[in-house]
Amino acid sequence: MAVVYSLMPALDRSISITIIIVSLTLTALTLSSMVHGSTSDQTRDRKMALIGRKARVPPGDDQVPAYKSPTSKASQDYSSNLRTTSHKNPSPRNPHRTSPKTSSPWQRPVIRSDKPNIVVILTDDQDVLLGSLKYMPKLQNLLIRQGVYFNNSFVPTPMCCPSRSSFLTGLYVHNHNVYTNNVNCSSPDWQRLHETRNFATYINKTYTTGYFGKYLNEYDGSHTPPGWHRWLGLIKNSRFYNYSVIDEKGVKTKHGDNYYTDYLTDLVTNESRAFLHDNKIKYPNKPVMMVLSLPAPHGPEDAAPQYQHMFVNNTDHRTPSWNHAPNPDKQWLLQNIYPMMPQHKIFTDLLQRRRLQTLQSVDDLVENIVEELGDLGELDNTYIVYTSDHGYHLGQFGLIKGKAMPFDFDTRVPLIIRGPGIQPGTIISNIVSNVDIAPTLVDMAGEPVPEHMDGDSIMRLFRAAKDPSNIDKRGYVQTKKPWRDTILLERGKLTEKAMKQRMRTERDMIKLSPAGGATKGIHFYIPSHTRKVVTECSKEEFRLPCKPLQKWYCIEEDGLLKKQKCRHKSASIIADDGLQKEVQSDNNTCLCRKKKAKNNLNKQDRQRQRRFLKKHTDSKPNFARPRRSSWSSDVNFTTSGSNGGFNGLEAMFDRRCRILANQSVHCDLDIYQKASEWEIHKERIDDMIREYRKALEDLRDIRRHLKEQRPVDAVEDDYDVDNEDMDSLLDTVEEECDCLGEDTNVDADKRKIDDKNVRRESRLEAREKRRQQRKLRKRKRNDIHCNTENMNCFTHDNEHWKTPPYWHYGPFCFCSNANNNTYWCLRTINQTHDYLYCEFITTFLSYYNLLVDPFQLKNSVTELNYGILQQLHDELKKLKQCKGSKDCTLWSGHKSRVPHDPNWPGLLNLQKAKNANDYEDYEDGDEFYDQHFFTDEKHHSRSSNTGFSPDYE
């Protein structure tokens, strides 16, 4: 140092001294940070979290902020703060996680899996046409510009549970039979038939799978769906606060209303990121597939606190169809919807603002996942799929809010995919549906796509799009095998009259074979009770003749199966058609009894005993146990020998328990020593008690009937048979019965399960009753009459939203749907056509040409010639009953093989109108069918209570 100093010119010595002092200072600071900075990584993370929790100043509402690339240092600083915006610190499962600005060699695994990772992000109710994607800058930069955006992506039904069922299974609604958010949603039928075939079950052998967030609307947490190694499912419908989740071990966790610990979007972010990090660190050579199902922007639209001041006066939802009402050329619901009031308009604006605010946390999630994949070195080996379960409307055609319409604002959804082999910034215009997602995910995992799935893998479009010559200027990709240009849209439940007709039709199809029954003809329109009866009657344990301890048997009456109790002697014969018929014998009525009914003292005798004991004793009255039975008139009790007991009823108890002459009970030692024997015998006793209670009720009903139908000249005495005499009467026939044969095996566990299910159903019914009562009290409190015939109407008041921004404009009522809003539609998009054709259950038809009417303002079905209309009907008829990808694929030039039907009801209804102004929808199409379609007596008798033609079956 001295030599260097001596060689410096005198003029520069002062500057050099300053430089040396600064260098020594920096060296000291570096050594100090090395000593004190490594004290605790968790302390550093905690400080970062505290910094990140400070509310960031959002961009103005009139512009989207410029998003810098994550490679720049400024962007990394911004990302680190955004990362800690979530309510939790980095998961405690990852104590060594470092800031995005730093990296460690162990964080980048040398070994990677040959198969790509798969991440699916699923939002709830996110629209495309109302402009939600414009306000997600991280999604725009990290996914859309780095992957492929599908310009024409749709869902087959704009309802939560049916659409999510299609997402999981790759099936159309008519194949998985989930038509609404209630009927068959996560039901036992769904769990048994379709849940076992969700896409995760086909890839979980080679992938580590995880599901986080909302599952199905009626999911109650009673089971973990198959195919998932890690499970964190939301119980019931979307919520941001005050919800419960359940993991794969069955542990339920209840969350409250604290943003830092309970906000669901951030909880999904942290749990999924921890799952991804842990599995890639521990098993770097095994791929990960996970689904992140988020509540945003579904109601109640609770945004994170740092975003609750954003998007003031946003009006992107005010499209040309906004408040376009009434609509006399559209379906019945829209004919009866009138323009919105000023209060309603303000509500749509506020709801748009709240929805966009909730999506900001989703935007943060996208950045978190991409950042984690980058830290792990897996970003270029991961497919990220972003989509929604359906769209949304806010004021379109006068509908204040909701979904369930066949129009594009409800059925069009975002679909963005980033991953290996995908050219960044690609836009594909080929029409796709969410039934394509399941087969696509299976194809991404390198597994063969199941043939039963109705969708097709979108990977075919990716591979073809690699060659620029296969894409035209409008984004349509040409594939070797033609890609379809038409998909099916279907929604809703049948009307009550239509449901009754389908029930009658399907009941005619139910046949019980001699070998035990077959249910191939059973469909989902039959009530659940009828389906249960048919399923149970196909089992051997419900067949005649009644076996010992058999409680129920099945018979056929008027072509239907019914269950009856085994409380009479009966014989069964096998008819020529293989169905069992019951033959009753009036002379051989047999009523078995396991345990004598209690014969308690009457009130007068008890009072006499109390007075006597009070007079002669000082102790508390303790009544003597009454006689166990009054059947002793014909029963010979004996005490001689070890087998003492009674003669006439010993077979019923199999001599395992005996009533001795001193009225004491003695049972075999096995019953006292073995729990299984004790349970079996007690179950048998309980069964007979229930049987005799029912028998006594029947006898009382008969006696009441005899009194009511007494002849004029009949004389009735005032003597009523009491319990004691009734027991004696029943005892006269007891000796003729052998209710307990040699077969004494009883499935005690099954009976316990049945009792448990009965109790559970009772609790659910009581819960539903309380919920309806709360809704009724709320309506009375608000003094709002929100009931409109054949419409689904709701109320909204100042207490609906619990987080800012609040609603301060008072309660109001709105109707969002109708009971007859059931439809089947064709949605066709190709280089030359873009249209929507629908047939409603009321026989109403609609056609919208989006090339000239992009907002679907005019129903131009009356302008179509009958040849084109007939072709559309035939194609729709084919898709309504298709099964499998091959059968459900339609493209231009494809010829339908459905038989031609020139007299279908929709066409006849359209022909009836003299001009376009006369063509309108009806609330119920029954009168039209009866007068114009079913002319002969046979058809009229079959359809007198229906609102649809056989085409809809």
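Q: Which side chain meets Lys138 in a salt bridge?
A: This is a predicted model, and in it the side chain of Lys138 meets that of Glu367 in a salt bridge, at 4.0 Å from N to O. Lys138 lies in helix 5 and Glu367 in helix 12, which spans residues 342-376, so the pair ties together parts that are 229 residues apart in sequence.

Q: And how many salt bridges does the structure hold?
A: The structure holds 33 salt bridges, with the pair of Lys138 and Glu367 among them.

Q: OK, cysteines next. How many disulfides does the count come to?
A: The count comes to six disulfides, taking as a disulfide any pair of cysteine sulfur atoms within 2.5 Å. One of them joins Cys161 to Cys185, with 2.0 Å from S to S.

Q: Where do Cys161 and Cys185 sit in the chain?
A: Cys161 is in helix 6 (residues 160-169), whereas Cys185 is in the loop between helix 7 (173-176) and helix 8 (188-193), and the pair, 24 residues apart, links distant parts of the chain.

Q: Is that link of Cys161 and Cys185 right-handed or left-handed?
A: The link is right-handed, with 95° about the S-S bond.

Q: Switching to the backbone, which peptide bonds into proline are cis?
A: The bond from Gly299 to Pro300 is cis, with omega near 10°, and the bond from Ala325 to Pro326 is also cis, with omega near -5°. Pro300 lies in the loop between strand 8 (288-293) and helix 11 (332-335), and Pro326 is likewise placed in the loop between strand 8 and helix 11.

Q: What about Asp125, is its phi positive or negative?
A: Phi of Asp125 is near 70°, a positive value in a residue other than glycine, and Asp125 is placed in the loop between strand 1 (117-123) and helix 5 (137-144).

Q: Now the surface: which residues gather in a patch of positive charge?
A: Lys252, Arg759, Arg763, Arg767, Arg770, Arg774 and Arg777 gather there.

Q: Which helix gives the largest share of that positive patch?
A: Helix 22, residues 748-782, contributes the largest share, with six residues, and Arg763 is one of the residues placed in helix 22.

Q: Last one: where does UniProt place the "coiled-coil region", and what is that span made of in the model?
A: The unreviewed UniProt entry places the feature at residues 682-709. In the model the span is 96% helix and 0% strand, and its end C-alpha atoms lie 41 Å apart.

Methods:
Residues numbered from 1 in each chain as written. Predicted model: local features only at pLDDT ≥ 70, side-chain atom pairs only at ≥ 80, totals over all residues. Heavy atoms only, no water. Patch = residues over 30% accessible without salt bridge, like charges linked within 9 Å, V, L, I, M, F, W, Y side chains within 5 Å. Areas by Shrake-Rupley, 256 points an atom, 1.4 Å probe, with all protein chains shown as cover. Lys, Arg positive; Asp, Glu negative; His and termini not counted. Charge placed at Lys NZ, Arg CZ, Asp CG, Glu CD. Helix = DSSP H or I, 4+ residues; strand = E, 2+ residues; numbered from the N terminus. UniProt positions renumbered as here; feature names shortened; annotations may be inferred.
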